[in-house]
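Thanks for coming. I have one chain to go through today, so please look at the sequence and the model first.

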Amino acid sequence: MGGTDQVRGTRRSTAAANGGGVTRNLNSDTVINLDHGDPTMYESFWRKMGDKCTVVIKGHECLSYFSNIKNPCWFLEPKLEESIKSLHGAVGNAVTDGYSIVVGTGSSQLLQAVLYAVSCDQPNQISVVSPAPYYSSYPEIIDLVRSGLYKWGGDAHGFDKDEPFIELVTSPNNPNGVIRGSVVNRDGGILIHDLAYYWPQYTPITSSLDFDIMLFTASKCTGHAGSRIGWALVKDKEVAKKMIKFMEVNTIGVSKESQIRVAKILQVVADGCKRFGSPDGDNFFEFSKSLMSKRWEILRETVKKTRMFTLPKYPLQHCNYTGDVTQAHPAFAWIKCKEGIEDCEKVFRGQNILTRSGRRFGSDPGYVRVSMVSKEEDFDMFIERLSAIQSFNNGDGNGITNGNVNGNLD
C-alpha cells in the first residue's frame, strides 16, 4: 500500500567519486520522493516481457456485474482465482486449499472488509492494535469513517485491556522488514495477517502459511499497483461471506478489467517460476530478488561510509522457493540516524529526499522509512545524495548542523 502522488526525478550525470567518496554534479533542486512504496522498479522487467501479458477486452465483454454466480464471491473472475492458486502453489508461501478467496480493490479495501466482518457481531466497539513500528496508514484507515464497530487502539505492545481485540500482524513488517508474529498473546483476540511482502524478492520463504485471514496485493507482488487488485485467503466461510457483503455494498464488486489483467500477469509469473535459472530471464522473482539484493548491497556500503546512519540486520535463512540460504531485502529501508540527531526526516529533506518519519509508524523520529522499489534513476540519485551527506559530516556530526543538510529546509 502506498501513496498516489509521485514527484519524478530526472536522470543526472554522475562524476567519479573522489578519494573521500563525495560525488559531484548533484542536481540538488530535484526532489526525490521515496516517501511511499510506488513499485516502479519492476517496469524494466515487464517491458522486457513484451506482449506476454497483453490482454484484449472487446467492447461487448465484461458488461455484467457477475463473474461466477456459483461462487459465494460472485464478482471474482474465475481466471484470477485460478492464477492466485497457481502462484501460491508455485512459490509455496501460502496454503489455498480449504480457503475462500475474496478479491478487493487493493488490500486496503480488503482490510476494511475484514474489519467489518470480524467486528459486526461484537456487542461493543472493538480495539484494533498493531505492534510498533506499525504500517503508518493503519490508524487512518481504521479511524477514517469513525466506525461504531471498531477503533484504533494503538501499539499492541501496550494493549492490556481485558476485552476482545483485533491485532494486525504485518509480516514481513512495513516499515522494517522483520518477520513478526502476534504480540497480544491471550484469548479473545482476532488476528489479521497482512502478508503483502511475503514474496521471494523481499524475504526468504520459510513455510507455506495457513493463518485464518491472510491479505495479499498485486502491487507489491508484481509491481502492478495501478491495477488496484488484492486478495484475501479466508479460512472461515462465514467471515468470507461477511467480507463479500461489505464489498457488495461498498463498490458492488471489483473491476473485471483489472482482474483479467492481473490474472494474466500472475499466471505469467507462476509459469516463470517453473523455469528458475532459465537463460531466458523470464523468472520474475529471480529478476526482482537479484535487483533487490544489489540495491541493498549498495545501500549498506553507502551507509557504512557515511557513519551517519544504521540499518537493521536480518538473519540468514533457508528459502524454500530458491533453495538457497539468504537474508531479507525489504521493500523499505528502516534507517536510523546517529545519536544526537532527533529528526532524521529533516536530515533527508535537507538533501531534497522525501522520506517518512518514524513517528508516523508509532516509533522514534530518529528513524525514517525509505522506499527501495523506486525507478533506477531515483535510487541512483538517492545513493548519490546519501553519499554526499558524508562530505558535510566532519566526524562529530557538526557538518549536519552547520552545513548543507539544513540549508534547504522550509
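I will start with the cysteines. Cys337 is joined to Cys344 by a disulfide, with an S to S distance of 2.4 Å; a disulfide here is a pair of cysteine sulfur atoms within 2.5 Å. By this rule the count comes to one disulfide. The torsion about the S-S bond of Cys337 and Cys344 is about 75°, so this disulfide is right-handed. Both Cys337 and Cys344 are buried, where buried means under 20% relative accessible area, exposed over 50%, and partly exposed in between, with a 1.4 Å probe and protein chains only.

Some ground rules before I go on. This is a predicted model, so local features need pLDDT of at least 70 and side-chain atom pairs count only at pLDDT 80 or more, while totals for chains, interfaces and linings use all residues. Residues are numbered from 1 along each chain as its sequence is written, and side-chain values use heavy atoms, with hydrogens and water left out.

Cys221 counts as buried because its relative accessibility is 0%. Cys319, at 1%, counts as buried as well.

Now the chain as a whole. It has 11 helices and 15 strands; these are DSSP runs, helices being H or I of at least four residues and strands E of at least two, numbered from the N terminus. Of its 410 residues, 52% count as buried. Among contacts with a separation of 6 or more, 73% are between residues 24 or more positions apart, a contact being heavy atoms within 4.5 Å.

Next, helix H6, residues 237-251. Its 15 residues should span 21 Å at 1.5 Å a residue, and the end C-alpha atoms are 21 Å apart, which agrees; the expected span is 1.5 Å times one less than the number of residues. In H6, the buried residues are Val239, Ala240, Met243, Ile244, Phe246 and Met247. Seen down the axis of H6, the buried residues fall within an arc of 155°, so they line one face of the helix; the arc is that of the directions from the helix axis to the C-beta atoms. Lys237 and Val249 are exposed, on the face of H6 turned away from the buried side. The cover over the buried residues of H6 includes strands S2 (100-104), S7 (213-217) and S8 (230-234), and helix H3 (106-119). Just after H6, Ile252 has a positive phi of about 50°.

Met243 leads on to the core. Leaving out residues up to four places away in sequence, Met243 touches Val102, Leu110, Ala113, Val114, Ala117, Ala232 and Val234. In the largest nonpolar core, of 108 residues, those touching the most other members are Trp46, Met243, Phe285, Leu299, Phe309 and Phe382. A nonpolar core is a set of buried Ala, Val, Leu, Ile, Met, Phe, Trp, Tyr and Cys residues joined through side-chain atoms within 4.5 Å. Helix H7 (residues 256-273) gives the largest share of this core, eight residues. Another core, of five residues, lies apart from it and includes Val129, Ala156, Phe159 and Val184.

Last, Ser119, which lies in helix H3. Ser119 counts as buried because its relative accessibility is 0%. Beyond its neighbours within four places in sequence, Ser119 is in contact with Ile126, Leu149, Tyr150 and Ile166.
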